[in-house]
Amino acid sequence: QVQLVESGGGLVQAGGSLRLSCAASGLTFSSYDMAWFRQAPGKEREFVAAIKWNGGSTHYADSVKERFTISRDNDKNTVYLQMNSLKPEDTAVYFCAAGGYSVVAGTYDYWGQGTQVTVSS
């Protein structure tokens, strides 16, 4: 049974930082491309960042470039999202996803339950 468990969300002031983690189990993590998506209230789920299985390539949504960094540790079966210079518009539930490198949510095989990030102005 595949499980993706996100952690690290919370409340932070604008300009602050958070580091999200996603711990994976039940799959050969080192074989999977991984990604982060987010969903704000009343909006569709949107792509944030993705990383190839070996960490050799990443790509980001324009809205988070230069502020967010995706990384992974295949020994720990964990993918991370370092978020700096946070803005109120970054407020959303953040989801970890496995099995794709696309901006399209429907192409991913597995999803976590999400972690709430709230950025106050």
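Aromatic pairs come to a count of 6 in this predicted model. Here is the rule: rings of Phe, Tyr and Trp, the last by its six-membered ring, pair if their centres lie within 6.5 Å. Planes under 30 degrees apart count as stacked, over 60 as edge-to-face, and the rest as tilted. One aromatic cluster is made of Phe37, Phe47, Phe95, Tyr108 and Trp111.

A word on the ground rules. The model is predicted, so local features need pLDDT of at least 70 and side-chain atom pairs count only at pLDDT 80 or more, while totals for chains, interfaces and linings use all residues. Residues are numbered from 1 along each chain as its sequence is written, and side-chain values use heavy atoms, with hydrogens and water left out.

Back to the rings. Which residue has its charged end over the ring of Trp111? That is Arg45, 4.8 Å from the ring centre. Arg72 does likewise with Phe29: its charged end sits over that ring, 4.4 Å from the centre. The test for a charge over a ring is NZ of Lys or CZ of Arg within 6 Å of the ring centre and within 35 degrees of the ring normal.

Next, the sheet. Helices and strands here are DSSP runs, numbered from the N terminus: H or I with at least four residues for helices, E with at least two for strands. Two strands pair if DSSP finds at least two bridges between them. An open sheet is formed by 4 strands, in the order β1-β3-β8-β7, with antiparallel pairing. The edges are β1 (3–7) and β7; each has a single partner strand, so one side of each is left without a neighbour in the sheet. From one strand to the next, the twist averages 15°. Angles of this kind run from 0 to 180 degrees between N-to-C directions, and the axes are lines fitted to C-alpha atoms, for helices over the stretch in contact.

Thr69 stands opposite Gln82 in β8. In a regular strand the side chains alternate between the two faces of the sheet. Along β7, Phe68, Ile70 and Arg72 point to one face and are buried. Buried means under 20% relative accessible area, exposed means over 50%, and partly exposed lies in between, using a 1.4 Å probe and protein chains only.

Now the turn. The hairpin of β7 and β8 has 4 residues between the strands. Most residues other than glycine have a negative phi. Asn77 is partly exposed, at 27% relative accessible area. Ser85 also has a positive phi, about 50°, and is not a glycine either. Ser85 is found in the loop between β8 and β9 (92–98). With 41% relative accessibility, Ser85 is partly exposed.

On to the disulfide. A search of the whole structure finds 1. The cutoff is a pair of cysteine sulfur atoms within 2.5 Å. Cys22 and Cys96 form this bond, with sulfur atoms 2.1 Å apart. Cys22 lies in strand β3 (residues 18–25) and Cys96 in strand β9, so the pair ties together parts that are 74 residues apart in sequence. The torsion about the S-S bond is about -75°, so the disulfide is left-handed. Cys22 and Cys96 are buried.

Last, salt bridges. The whole structure has 5. Each one is a side-chain nitrogen of Lys or Arg within 4 Å of a carboxyl oxygen of Asp or Glu.

Take Asp33 and Lys52, which meet at 3.2 Å, N to O. This pair links distant parts of the chain, 19 residues apart. Asp33 is in the loop between β3 and β4 (34–39), and Lys52 is in the loop between β5 (46–51) and β6 (58–60). Asp33 is buried, at 14% relative accessible area, whereas Lys52 is partly exposed, at 27%.

Arg38 bridges to Glu46, with the closest N and O atoms 2.6 Å apart. Arg38 is buried, at 5%; Glu46 is partly exposed, at 37%. Which residues are linked in a network of salt bridges? They are Arg38, Glu46, Arg67 and Asp90.

One more: Asp62 and Lys65 meet at 3.1 Å, N to O. Asp62 is exposed, at 64% relative accessibility. Lys65 is partly exposed, at 42%.
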